[in-house]
Structures are given as C-alpha cells and as structure tokens.
Amino acid sequence: MHLIVAEKNISARRIAEILAGGKRVSEQKDAGVPTYHFGDTVTVGLRGHVVEIDFEPGYQNWRSETATPRSLIDAKTIKVPTEKKIVSLLQKLAKKADRVTIATDFDTEGELIGKEAYELVRAANKKVTIDRARFSAITAQELSHAFANTTELDFALAAAGEARQSIDLMWGASLTRFISLAARRGGQNILSVGRVQTPTLSMIVDREKEIEAFVPEKYWQLALDFEKRGEVIEARHTNGRFHEKAAAEQARDRTQSPLIVKEVRIGTKQDRSPSPFDTTTYIVAAARLGLSAANAMRIAEDLYMNGFISYPRTDNTVYPPSLDISGILNTLKNSPFKKDVEWTIAHRRPVPTRGKKSSTDHPPIHPTGAATREMLGDDAFRVYELVLRRFLATLAPDAQWKTMKVLFDANGEEYTTTGGQLMESGWHAVYPFSEARETLLPEFVTGEKLPIKKVTLDEKETLPPARYTQSKLIQRMEELGLGTKSTRHEVIAKLVSRKYVEGAPLRPTLVGRVVTESLEHHADTITKPDMTRTLESHMQLIKQSQRTREDVIRESRDMLHRAFDQLEANEQVIGDDIRNRTAEEMNLGKCPVCGGTLAIKHLRGNTQFIGCSRYPECSFNIGLPAAQWGFAIRTDEKCEKHGLNFVRLVRKGARPWDIGCPLCHQINSNRESLEEIPSADKELVDRIQACHIYTVAELAHSTTEDLAKKLGISSEKAAILTRDATVVLEKLRRRSECRKFMRDRLIPRKGRSYAKILAALKDAGITDLSLLAKADPATLKKAGVSDAETEQLLSDAKTVYHSQILKEIGIPAVSLKKYIAAGIVEPEAFCTQSPASLSEKTGMSLSTVQKHVGKVCTYLKKPVPKKFSKLQIERGKKQLLAVSGLSTPQVEKLFKVGIVDGDALLAADPVSVAAAAGIPEQKIRDYQKVLKRKKDTAIIQL
Ligand SMILES: [Zn+2]
Ligand SMILES: [Zn+2]
C-alpha cells in the first residue's frame with residue numbers, strides 16, 4: 001500500500017481526488033480521522049504539527065525553588081503528541097504500507113511537520129521506503145510532476161525549523177516566567193515575552209515615543225488660482241515650503257498679475273506593470289481591501305488548499321521558467337474574468353515583470369484554478385480576484401503617460417503646475433486596485449499671459465511620523481529580519497491578543513509599554529532586533545548544512561544566560577517598576593461611597609471584582625463574572641453619570657463582552673431583584689440604592705441597626721427587610737443554579753439562545769431545579785428543546801435535585817455517588833426498597849445503608865424499618881428460598897415489608913402481607929403451609 005501524508009485533511013482529500021485521476025475515491029473514518037482510498041493508495045491529512053516540543057516533566061510549577069525560570073534555558077525537551085488520534089492512525093497505516101510519501105507544505109515549517117511524520121512512521125515500520133513530494137500548488141500538473149519526481153526529506157531544512165522551535169520555547173518560556181513572577185502576575189494575567197514578539201512590540205513602543213516627543217514646526221505654502229478658458233487651475237510657488245512667515249508674505253505680496261507662461265515641458269512617462277506577489281506585497285495589497293494580515297493569510301491558505309492559488313508563503317517575486325503561464329491563462333478563461341484574461345492574452349508583454357527577490361522554493365503567488373463567487377463566498381472571492389488580476393497585471397504591458405509641466409512667472413515669483421494624461425492604460429486595464437489618476441491640463445504657449453484670480457498663503461505644521469499599520473509593520477519586520485514570511489502576521493495577532501497593542505493603526509497599551517521599557521532598561525538584547533536577526537541568518541546556515549542545530553541552540557542559550565545575568569540582578573526593581581506602573585491601568589475612578597479609588601482586582605484562580613482602594617475601611621465592591629467568561633480590563637470610555645471607566649471582558653477567540661459602566665450595570669441588573677423584596681416598595685428601593693446598596697445580597701447581609709440608621713426606618717422594619725432579602729436571595733440562588741444547569745447541558749445551536757429558552761421556562765413558572773425536575777416535557781419542547789434533550793434534561797434535573805435533598809438529609813457525598821450509580825436517586829426509594837437490597841445494589845455495608853435509610857425515612861416521616869444483621873438476613877433469605885414456589889423476586893418483595901425469615905413469614909397475617917408485598921393471599925397461605933410442614937418434620941426428626 002502507498003501511504004501519502006498531507007499537511008491537512010483538506011489537502012489530503014484534494015491530493016487523492018487529483019491523483020485518482022477520475023477513479024472513485026472512497027472516504028473512510030478511523031476514530032474520527034478521515035482517510036481517502038483509491039486503488040492501492042491511501043491519503044491521510046495531519047493537523048499541521050501533531051507533536052509539540054515541551055520541557056521534560058518537572059518544570060510545570062512556576063514557583064518551584066529548583067526549576068527556576070533560568071533553569072528552563074538548559075532544560076531538556078521532549079516531543080509530546082498533541083493529536084493522539086492522528087498519530088495512532090498514522091502509525092497503524094504505516095505498518096501496512098510499503099511506501100510512504102510525505103506531501104506536507106513545501107517550506108521550513110512543512111519540512112519539519114514532514115520530519116515529525118517521518119519519525120512516527122519510522123517508529124512503527126523500520127523498513128518502509130519514505131520519500132518526499134514537493135509542490136507549490138495543489139493542481140494536477142504540479143502534483144503529477146511532484147509524485148513522479150519524489151526526493152528525500154530535507155533533514156537540514158527540518159533541523160532549521162527544529163532549532164527555531166527549541167529556541168522560541170526556551171526564550172519564550174524562561175522570560176515569560178521571569179517577568180510574570182517578578183511582577184507577581186499569574187493565570188490569565190501573565191506577561192508574555194517572546195523572541196520575535198518582544199522586539200516587534202519594542203518597535204511599536206519606539207514609534208509611539210517618537211510621536212510623543214515630536215515638536216511640530218510651522219511652515220507656509222504659497223499657491224495661486226488662475227483662469228484659462230473659463231477653467232480655474234492651481235499653481236504652486238516653486239519654493240515649496242517657506243520656513244519663515246515674513247519671506248512667504250513677501251513672496252505673496254510680490255505676486256502680481258499677469259501670470260506669464262515661461263516654459264512648457266512635455267514628456268512621457270513609462271508606468272511599469274507591477275511585479276509578482278510575494279507574501280509581504282500580497283499582505284500590503286490585501287490591507288487595501290480592508291483585510292488584516294492574519295485574515296489575508298488565512299484566506300490565502302484556504303484558497304491554496306482548494307487549488308485556486310499557489311502556496312501563499314513565499315519570498316520569491318520572479319516567475320520560474322518552468323511555470324506554464326499560457327496554461328494558467330487558458331484555465332482562467334473559465335473564471336468570471338474571462339474578458340480580462342482574453343485582453344491580457346491579446347496584449348501580453350514579451351516577458352513577465354520580475355521583482356527584486358528570487359528564490360527557488362516557491363513561485364510568486366499566482367492563480368492556479370478557476371473559481372466563482374458562489375464557490376468561494378465574498379471575502380475569499382475578493383482575495384482570489386486580487387491574486388488573479390495581479391497575475392494578469394504582471395503579464396500586461398506597461399502604461400504610458402503624457403506629462404506636462406508648466407512654469408509661470410508672476411512679477412518675478414516662480415510658480416508651477418503639472419498634469420498627466422494616460423495615453424495607454426496598459427496593466428491598469430486589468431488591475432483596478434491601484435488607481436491611475438489623470439490631471440488634464442489645457443495647452444499653454446510660452447509668453448502667454450493669464451489673469452490671477454486668487455493668491456493663498458497657507459500656514460501648516462509638520463506632522464509626527466505615522467503609527468504602524470499591520471502591513472507597514474510587516475514590511476518593516478521584513479527589512480529588519482524579524483520573523484519569517486510565515487510567522488510575521490501571527491506575531492502581530494499575538495501582540496493584539498495579549499493586550500500589548502491595540503487599534504488600527506497599532507499603538508501600545510500601557511502594559512505593552514511598561515514591559516518593553518522595563519526590559520529595554522535592564523536587558524536590551526531581548527528588545528533589540530539584532531539577536532533575532534542573527535538567529536535568522538544562523539537558520540540559513542543550518543539549511544545549507546554549514547552549522548548544526550545543536551551549535552546554533554548552544555549559542556542562543558549563552559546569549560539568554562547573559563540576559564538572565566542582568567535580569568536576575570535587577571529582579572526586584574523590574575518587578576516593582578512593572579507593578580507600580582501597571583496598577584493604574586486597572587483604576588476606574590472614584591468610589592461612590594467614600595471617594596477612594598475603584599479598581600479592577602484579579603485574584604488567583606478565576607475571581608475578579610471591582611474593589612475600593614480604602615478597603616477594609618470601605619467595603620464597597622462590584623462583582624464581575626469569573627475570568628473564564630473574559631478577563632476584565634478598562635476601556636477609554638467613561639460613564640457620564642458616575643465618572644467611571646467602562647469595563648470590558650476579553651477572551652481569546654471570542655468577541656469581547658462590553659459591560660459598560662460597572663456601576664450602571666450593577667444598578668440595572670439588580671434593580672428587578674431588589675423590587676422582588678415584598679417589604680420594599682419602589683420608593684424604598686430608590687432610597688436603598690441612594691445609600692449605595694445595590695444588591696439583594698448586600699441587603700441580606702446588612703445588620704438591622706446599621707440599615708435602620710442608613711435608610712431612616714424603624715429597626716422592626718429593617719429586620720423585616722433583611723429577612724425578606726434573605727428569602728429572595730435564596731430564590732435568586734436557586735434561579736441561577738437552574739440557569740447554569742440549563743446552560744451546561746444545552747448545546748448552542750443556530751437560531752436558539754439560552755435566553756429564549758429560559759424566558760419561555762420562566763413564563764411557564766419553571767425557575768428552579770425542583771420545578772424543572774417535575775416539569776411537563778411538553779413545556780420544554782415548546783421552549784425549543786428537542787425530545788432527546790428534554791428526556792436527558794429532566795432525568796438530570798431529577799438526579800441533581802434529589803441528590804441535593806439527600807445531601808441535606810445527611811447522606812455523605814461518597815455514598816451518594818454509589819446510590820446514583822446504582823440508579824437510586826429519589827429519596828422515596830430508600831423507604832420502598834429493603835436495606836438488604838440497597839446494600840447489595842450499591843456494595844455498601846448493610847449497617848451503613850441501614851443508617852442512611854433511617855435518616856431518609858425520618859426526614860420523609862415514614863416508619864423506619866427494623867434493623868437486621870447481615871447474618872440474620874442471609875440465613876433468613878436461605879430459609880425463604882428453600883420454600884418451594886418462592887423465587888428471588890418474591891423474597892425481595894417480602895424483605896421490603898419486613899419479612900426476613902421463615903419464622904416471620906409463618907407468624908405474619910396473610911391478608912396484610914399480601915396487600916403490602918403485592919403477592920396473592922393464597923400464595924402466602926401456601927408458603928405458610930410448606931413452612932409449617934417443614935418445621936414439623938424437623939421436630940419429628942429431632
Ligand atoms: Zn470606597
Ligand atoms: Zn454609570
């Protein structure tokens with residue numbers, strides 16, 4: 001069997017479809033992982049890296065005395081599977097294969113992913129042939145060429161990737177731990193530091209400082225309007241910027257009609273067609289369509305996987321001679337851009353344009369297949385069109401402009417105006433993304449005199465340098481050798497998600513700035529691009545087998561140790577500095593009670609809330625949802641009423657949750673609950689809130705005297721108020737418990753929301769678990785819950801609700817678990833089944849079960865069954881089972897009504913036993929006869 005390993009599932013499927021060449025491809029699933037089969041060939045997709053490197057065990061505890069942040073520099077690393085199902089399937093398939101072809105993406109990362117697959121295959125099958133197929137587009141032509149010319153895996157290239165992985169882990173983990181511990185931050189609040197990330201952040205911070213330090217300078221510009229054939233035209237003074245106002249005013253005052261044409265220069269200008277796209281120029285062009293760098297790359301990768309464009313991670317801007325440009329043009333005739341393609345074929349330039357960078361790995365980004373808007377959706381189609389039109393533009397002729405520059409004299413002052421006319425549109429005809437703006441001027445003759453209509457002197461100021469846009473930053477990173485074409489956009493996305501930078505264009509947040517400045521001050525190797533640029537050049541050397549991976553890692557280790565020498569010596573200062581300067585970013589404004597400062601507080605674990613700086617003197621606080629719903633941060637917006645900054649909850653991969661003014665939120669979300677307190681009318685609720693009591697809990701926990709004094713009511717009334725509040729609080733608790741119960745169990749689905757379902761249940765009067773446990777299934781169905789879900793929900797509700805009661809009664813949690821596992825959930829079951837059978841079902845000792853049964857029966861006000869020893873029970877059971885006609889289920893029934901041996905049965909009243917145990921009276925009499933006979937015989941034998 002021939003096994004082909006692709007980088008992702010989608011490429012595995014495409015490769016199978018193309019290589020099968022019309023034969024049927026069958027999809028099979030193994031533990032949820034799809035494989036594609038045709039003939040004797042199987043393709044399987046990885047999920048990028050299926051293993052990751054991590055430190056060997058023993059380094060998990062951040063606060064360990066021995067495994068310090070510095071110790072991570074020299075810590076050994078191991079490879080851990082991250083996609084266990086794929087790994088085990090790959091190895092299973094490898095055992096059966098006689099040839100394995102690695103067909104991962106063709107770049108450093110892809111080679112490393114390929115090497116990981118290689119090692120997994122080798123571990124499972126020592127002898128199998130493993131080769132490598134390299135291609136830059138998932139198209140029939142590229143694939144058939146690649147699979148006909150497979151080579152060896154490039155271990156040097158993979159080693160370069162591994163070196164980067166190890167070094168990134170070592171720098172990132174050790175520095176992140178060091179800085180976070182120094183600043184006493186943990187959990188969601190850690191301060192991350194990275195090899196590429198930190199110098200990039202530093203660039204953004206530096207730019208911000210330049211902007212702040214910028215002192216604008218005034219300058220003056222002089223222009224005039226003149227008229228020709230009824231058209232008003234502007235001309236500018238040839239001096240450009242005047243730096244002195246007096247000089248500008250003199251020139252203005254000298255400017256007098258007529259304006260005399262001194263010289264007319266007519267020329268032509270060649271407007272060269274653009275060069276092919278590499279990753280950076282592509283990202284810059286996509287930014288003009290409004291796409292962020294990360295989005296642009298995601299869409300391009302999707303298009304690549306589906307065979308519509310070539311591999312989007314490339315530094316090459318020169319089409320290789322092997323690229324079949326005419327073939328591609330023919331294919332593109334089937335796209336919606338047929339007309340533009342035909343125009344390009346008809347006007348094609350002899351040689352395509354070329355950029356400055358040429359490399360051999362991938363061609364520049366170009367289209368490889370025809371697609372329509374219906375196939376791709378709007379965003380992907382826009383990107384496809386951009387790539388396709390760029391390709392056409394690189395094949396289209398240059399544009400030709402006619403230029404005109406006119407020089408004028410106005411009483412000794414020189415003015416000029418320029419015009420441009422597109423004579424041949426060339427590539428502009430197929431590439432509308434860069435506009436060709438014409439300025440048409442009428443004809444002028446030297447010596448011509450024209451009337452001046454108006455002279456204007458504008459005062460202007462020099463502008464600070466602009467903040468980086470994402471695409472500008474990527475260009476700058478490329479110039480500085482920071483990151484790679486594959487990682488630059490990811491680094492920027494990380495800085496945003498870690499709340500170090502924000503906005504478009506990018507500006508640093510306070511934390512971003514403080515961390516950078518602190519590092520710059522104490523260990524500037526970490527913030528400077530030099531170190532990381534050196535590493536990039538070392539990576540090149542590894543690729544060319546001129547240096548080894550170990551050697552490069554060792555050098556990086558030494559560099560990091562030197563940085564730690566400085567950092568550790570200044571740990572206290574760094575920590576204090578970061579803490580003092582970032583505390584401010586959590587301040588929201590004045591405490592409404594005492595005038596202190598309200599600030600967001602993050603505790604260990606997931607707890608966060610808003611508290612007052614004068615705590616414990618002032619206990620005012622506002623609760624916040626746990627941090628797993630989003631880490632609370634302050635935003636720039638302020639509440640007009642309370643003067644507090646707004647609060648936002650941010651969570652990775654989720655839309656931020658805007659709470660707005662925390663006090664307004666607190667007031668509004670608790671008003672309804674306060675109004676549920678029977679002894680508080682609307683007027684009293686107003687008064688309660690005016691005293692800065694906003695929640696039912698605060699009210700319930702107030703002392704009577706304090707409350708009476710604050711609200712100006714009698715202590716009797718205050719006592720009633722707190723008692724009522726306690727009742728409402730319990731009701732609220734049960735309601736929120738019920739909400740959480742539903743939320744935990746209902747899978748989010750399109751078109752239904754928890755809010756809707758909960759509102760429907762509330763209307764039906766179901767607000768807590770006890771009511772839900774007894775609810776009519778029809779009510780749930782009407783609220784939008786499916787049949788299967790309803791059944792599960794009701795049964796879960798019963799279990800949860802009943803076990804709460806049993807817990808209250810005093811059944812320990814461990815025992816409760818055993819009862820639930822045995823299907824004994826309702827408290828009533830403890831009174832209807834015999835302790836003996838409960839003991840048997842749960843495996844707990846009889847005496848324990850009898851104790852529990854006693855408690856439950858007492859609680860339910862039912863008679864407590866008589867206690868028997870285990871021995872008694874067993875002997876009794878044996879006796880009863882010896883009676884002919886008595887089967888185990890019937891013995892069980894008798895046990896339940898307290899008849900646990902032959903004597904008891906013999907002495908029982910047949911009528912009442914029959915009724916209680918549900919056995920016909922006649923049968924009982926029969927059993928008694930048998931027993932009596934047996935007893936008599938026994939006596940005779942004696
Ligand atoms: Zn306060
Ligand atoms: Zn407010």
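The largest cavity holds about 60 Å³ of space, in a model that is predicted. The structure contains 2 cavities of 30 Å³ or more, a cavity being a set of points on a 1 Å grid over the protein atoms alone where a 1.4 Å probe fits but cannot get out. Local features need pLDDT of at least 70, side-chain atom pairs count only at pLDDT 80 or more, and totals for chains, interfaces and linings use all residues. Residues are numbered from 1 along each chain as its sequence is written, and side-chain values use heavy atoms, with hydrogens and water left out.

**Largest cavity**
- Its lining (residues with an atom within 4 Å of a point) includes Ile-167, Trp-171, Arg-195, His-538 and Glu-555.
- At least two lining residues come from each of α6 (155-182), α18 (529-543) and α19 (549-569), helices being DSSP runs of H or I with at least four residues.
- By class, this lining has 6 nonpolar, 3 polar and 2 charged residues.

**Second largest cavity**
- About 30 Å³ of space lies here.
- Pro-835, Gln-850, Val-853, Val-864, Pro-865, Lys-866 and Lys-867 form the lining, which divides into 4 nonpolar, 1 polar and 2 charged residues.

**Ser-192**
- Ser-192 lies in the loop between α6 and α7 (197-213).
- Ser-192 counts as buried because its relative accessibility is 9%, the limit being under 20% relative accessible area with a 1.4 Å probe and protein chains only.
- The side chains of Ser-192 and Gln-197 are joined by a polar contact of 3.0 Å, that is, a pair of N or O atoms within 3.5 Å, one able to donate a hydrogen and the other to accept it.
- Beyond neighbours within four places in sequence, Ser-192 is in contact (heavy atoms within 4.5 Å) with Thr-176, Gln-197, Arg-498 and Tyr-500.

Notes: Chains are lettered from A and ligands numbered from 1 in the order in which they are written. On a 1 Å grid over the protein atoms alone, a cavity is a set of points where a 1.4 Å probe fits but cannot get out, and a pocket is an open set with protein on both sides within 12 Å along at least five of seven lines; lining residues have an atom within 4 Å of a point. Grid points are joined across faces, edges and corners, and a volume is the space filled by probe spheres set on the points. Ala, Val, Leu, Ile, Met, Phe, Trp, Tyr, Cys and Pro count as nonpolar, Asp, Glu, Lys and Arg as charged, and the others, Gly among them, as polar. Buried means under 20% relative accessible area, exposed over 50%, partly exposed in between (1.4 Å probe, protein chains only).
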